[in-house]
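Please look at the sequence and the 3D structure shown below, and then follow the explanation paragraph by paragraph.

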Amino acid sequence: MTKFTPFESRLVVLPIDNVDTDQIIPARFLKTISKDGLGDQLFYDWRYDAEGKPKPDFILNTPEAKASKILLAGDNFGCGSSREHAPWALTQYGFRAVISTSFADIFRGNALKNSLLPIVVPRDIHAELFANPNISVNVDLATQTLTLPGGRTVEFPVDGFARHCLLEGIDELGYILQQEPAIASFEAAHPSPINTTA
Amino acid sequence: MKPRTIIEKIWDNHIVSERSGAPTLLYIDLHLVHEVTSPQAFDGLRARGLKVRRPDLTIATTDHSTPTTPRSLPIVDKVAAAQVARLEASCKEFGIRCFGLSSAQQGIVHVIGPELGLTQPGMTVVCGDSHTATHGAFGALAFGIGTTEVEHVLATQCLLQNRSKTYEVRVDGALKPGITAKDIILALIARIGIGGGTGCVFEYCGSAIRALSMEERMTVCNMSIEAGARAGLVAPDDITYQYASGRPYAPENKAWDATVASWRKLPTDDGAQFDKSITIDAASLEPMITFGTNPGMGIPITAMVPNPGDITDPLERESLAKALRYMDLPPGKPLLGHPVNVVFIGSCTNSRISDLRNAAKILKDRKVHPGVRVMVVPGSQQVKAQAQAEGLDQIFRAAGADWREAGCSMCIAMNGDQLQPGEYSVSTSNRNFEGRQGKGGRTFLASPLTAAASAVTGVVTDVRTLLQ
């Protein structure tokens, strides 16, 4: 995993609450056995017409969006299915962060494991960002701050362990594997109730 | 000792290690695997040269991209066929038991876990699927995970997790005729919204929950995620033990008695504190139905579709307006009487034998309304066999419904079973998101009783009018 470094970007504004993972990537694209090629399918049913042509009025089809690394969305982003294809599609499109007032639990976990930073901001800041969609903001995970134009900073919460892993490029599975002795002793003390002779 | 909730007890029983600055390392008792969210995880193991740590605690089946056409036919969709084949190959390679397409135990992952006796009280259960909360009906801590976490569990049988908040959902009183478990959960989600349970695990309790059968408890727990809760559970009781007893993977003989004794210690202690709580009066519930594009957009079936003009928050107002535009529904009008094109009876929410019996009760000696397509999809091969032994398939066929093979089918529309653009369905599944049942399709979520009643009349129908 590469280390998560500070960056600056304009915002792609999606003023919709409860964006579910079926919108982020529709289920019919989950038949793949690979992680690749999902960026073109991001928000497919909002982004393309019935013939598969990009809808010019959908924000992800604008040249500005393609150069942006931050998605600004409504409350409870990423609700619904556990599909990790959602953060895969978002990062392959080019996003490195999503800003909202809240995230669904499974999506937040999946995003953090794929270097996509879910940034929770207070409601007033959220409204202010929506009112000024053309600004650029700076994201610094080390200091857990967004820097708005003019230098004003907004702190955001991140799980300490996830932050550490992202900043240092640490892979969680490697960390768990190091605890093999603890796992083995837990197993020795807790036999499974599943009747495996079935 | 401080009184604890069942949620805290299960958590405490599964702590492998706790290090400062890191989440708890939690042991997983049962890992269920299906074809859609696992191939990249198996690739991760191959890339690192890792084995599956506990193939004996890992069970796979094919359900999501699996056709519900006769099993003698090949899978037409080559991409889906490759995914199903990949699961079977990976299971062979890593020594995992797989109930594949040709198995008599194949079915929706959340239907077969309980029916095989794999799901047991006090367990931690995970699956790369958000409806894993279904298994909470047994008093298990069961939650959905992403593919990276699937890889973690395959490799280590453990997960790094932070403790969730506890949320007591108390449902007291008796349900009136025609009102079911599905209506309880749709009412809860409508009440607290689809983000209302974020960060929490629900414990469903109260006299109305205690009175539910295991299958009904599964329906309630199944949709915990639709209120944002990662898990939801019901403390085990004699109904639970009676259901689990004698199933193939359940403990036997002396081991059974000892295990039940340990299960009896699981229920929440008197005086235990929850972080949040809500009470619902079961007697006040009506059949519920959704009108919008998330499961929180639900109303009692006799109520009116809400009006965006009544909402002050601009983003919330626009979200409701957007939903009504997608659904092509006028605000302030009833849903009752709205024409229906398709009725889907199935999914991990409502595809068990009791669900099919409920639907058959309405469809018996009646006909599906001309122009309505009705699909009945059993949750598993075992449910299918049981339904056929009871003659339910004959009732469905005689009514003009389509009787299918087991799978997720039109709940997620990955397998060719889908709505056409603009079509309306009454569906017993769990999600009404835009395009969930097929691009441009429009979903009304409801109980099997409501779905079957609407199949007969061709319009959204209050089942109570057919029960008299």
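Predicted model: local features only at pLDDT ≥ 70, side-chain atom pairs only at ≥ 80, totals over all residues.

Strand E15 of chain B consists of residues 342-345, where helices (H or I, at least four residues) and strands (E, at least two) are DSSP runs numbered from the N terminus. Both faces of E15(B) are covered, since Val342(B) and Phe344(B) on one side are buried, as are Val343(B) and Ile345(B) on the other; a residue is buried if 20 or more other C-beta atoms, placed from the backbone, lie within 10 Å of its own, exposed if 12 or fewer, and partly exposed in between. E15(B) runs parallel to strand E18 of chain B (residues 424-427), to which three bridges join it, and two strands pair if DSSP finds at least two bridges between them. E15(B) also runs parallel to strand E16 of chain B (residues 373-376), here with four bridges, and within E16(B) the bridge partner of Phe344(B) is Met375(B). Between E15(B) and E16(B) the chain passes through helix H12 (residues 353-363) of chain B in a right-handed β-α-β crossover, a term for a path from the first strand over the helix to the second that runs clockwise when the strands point away from the viewer.

Stepping back to the whole of chain B, we find 16 helices and 19 strands. The radius of gyration of chain B, taken over C-alpha atoms, is 21 Å, close to the 23 Å that the globule rule (2.2 Å times the number of residues to the power 0.38) gives for 468 residues, so chain B is as compact as a globular protein of that length. Buried residues make up 62% of chain B.

Chain B is divided into domain 1 (6-161), domain 2 (165-284) and domain 3 (288-467), with bounds that come from an automatic or database domain assignment.

Chain A has nine helices and seven strands, and 43% of its 198 residues count as buried. Strand E1 (residues 7-14) of chain A is joined to strand E5 (residues 136-140) of chain A by four bridges in the antiparallel sense, with Val139(A) as the bridge partner of Phe7(A). E1(A) pairs in the parallel sense with strand E2 (residues 70-73) of chain A, over four bridges, and here Leu72(A) is the bridge partner of Val13(A).

Finally, the two chains meet where 49 residues of chain A are in contact with 66 residues of chain B. Among the helices of chain A that each supply at least two residues to this side are helix H5 (105-112) and helix H7 (160-168).

Technical notes: Residues numbered from 1 in each chain as written. Chains lettered and ligands numbered in written order. Contact = placed C-beta atoms within 7 Å.
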